[in-house]
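I opened this notebook to keep track of what I looked up in one structure. The entries follow the order in which I went through it.

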Amino acid sequence: MRKSLFLAVFMFSLAAVSHTQDKTATTTPADSARVFVTDSESWSVSGQAGGGGGAFAGTSSGGARPQTAEIIKTFGERCPQVKINNKQDRADYIVVLDHEGGKSFLAHRNKIAVFNRVSGDSIVSKSTLSLGGSVQEACEAITKDWSEHGASTRAEAVAAQEKSAPAAAQAPAKTSTAKLQIDSIPPGADIEVDGNFVGSTPSDVQVAEGDHAVVVKKPGFQSWERKLKSSAGSSVHISAELEKAVTP
């Protein structure tokens, strides 16, 4: 009697564990999120961009500056649940992180922006006092987005690759973007396009054709703003001369 009861309890427990594993398998993405990490001066923004959604994508040489390696190292240590990938076209997320070193702790202004590589949508854009804080912000945003949309993001990436492969073999795709060459006096100012941080001056930014609002700003200076209309294939040079902020 005891053996039969023990066997029944064991089989019930085994079935419960199996059911839990099956449920987890259907709700959790099969693979970890792949992340491409760079900094704004190593990153040239390209592809469909602009608009309220902040749809920016990018191409990068990756590791073009020493600080990029430091950022990647810190990201790998602080966010082990994702995979750091050095091929941007194979990544699920693009992390653009500017780390300001050589200053006192309270003077640091680290800037972080995370984009979904497939859709180009910005999922977080913030400034923090430390590199670790910036990495933590990015890690939490990616983890949350991947848990909710990981399966669909990966499926969209596969579908996009399959769709673009035949077209790429037949003829080069027609461009529907314009290039903005943005610099400032003094340099090292933040660039925002349509309300989204996209890098620091000087930078080349690709945007979709149409109307855009460009803001260049730097602590201690008045913000510089311009509205413009870009056409496909055009290249526009923007030079922002920042005026010092008036101290009351």
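**Entry 1: ground rules.** I am working with a predicted model, in which local features need pLDDT of at least 70 and side-chain atom pairs count only at pLDDT 80 or more, while totals for chains, interfaces and linings use all residues. Residues are numbered from 1 along each chain as its sequence is written, and side-chain values use heavy atoms, with hydrogens and water left out.

**Entry 2: cores.** I looked up nonpolar cores, meaning sets of buried Ala, Val, Leu, Ile, Met, Phe, Trp, Tyr and Cys residues joined through side-chain atoms within 4.5 Å. Buried means under 20% relative accessible area, exposed means over 50%, and partly exposed lies in between (1.4 Å probe, protein chains only). In the largest core I find 20 residues, and Val35, Phe75, Val95, Val114 and Ile142 have the most contacts inside it. At least two residues each come from strand S1 (34-38), helix H2 (66-78), strand S5 (93-98), strand S6 (110-116) and helix H3 (131-170). H3 gives the most, seven residues. I take helices (H or I, at least four residues) and strands (E, at least two) as DSSP runs numbered from the N terminus.

I then listed the contacts (heavy atoms within 4.5 Å) of Phe75. Apart from neighbours within four places in sequence, Phe75 touches Val35, Val37, Val82, Ile84, Val95, Val135, Ala138, Cys139 and Ile142.

**Entry 3: a sheet.** I traced an open sheet of four strands, ordered S10-S9-S12-S13 with antiparallel pairing. Its edges are strand S10 (196-200) and strand S13 (224-230), each of which pairs on one side only. Two strands pair if DSSP finds at least two bridges between them. Between S9 (residues 190-193) and S12 (residues 210-217) there are four bridges, in the antiparallel sense. Ile191 has Val216 in S12 as its bridge partner.

**Entry 4: Asn116.** Is Asn116 buried or exposed? Asn116 counts as buried because its relative accessibility is 8%. I place Asn116 in strand S6. Its side chain reaches the backbone nitrogen of Val118 at 2.9 Å and that of Ser119 at 3.0 Å. Leaving aside neighbours within four places in sequence, I noted Asp92, Tyr93, Asp121, Asp145 and Thr153 in contact with Asn116.

**Entry 5: salt bridges.** How many salt bridges does the structure hold? I find ten, where a salt bridge is a side-chain nitrogen of Lys or Arg within 4 Å of a carboxyl oxygen of Asp or Glu.

- Glu137 and Lys126 meet at 3.3 Å, N to O. Glu137 is in helix H3 and Lys126 in strand S7 (residues 122-128), so this pair ties together parts that are eleven residues apart in sequence. Glu137 is partly exposed at 25%, and Lys126 is partly exposed at 41%.
- Lys144 and Glu148 meet at 3.0 Å, N to O. They are separated by about one helical turn because they are four residues apart in helix H3. Lys144 is exposed at 51%, whereas Glu148 is partly exposed at 47%.
- Lys217 and Glu192 meet at 3.0 Å, N to O. Lys217 lies in strand S12 and Glu192 in strand S9, so the pair ties together parts 25 residues apart in sequence.

Terms used:
Polar contact = N/O pair within 3.5 Å; in protein donor to acceptor, adjacent residues only side chain to side chain.
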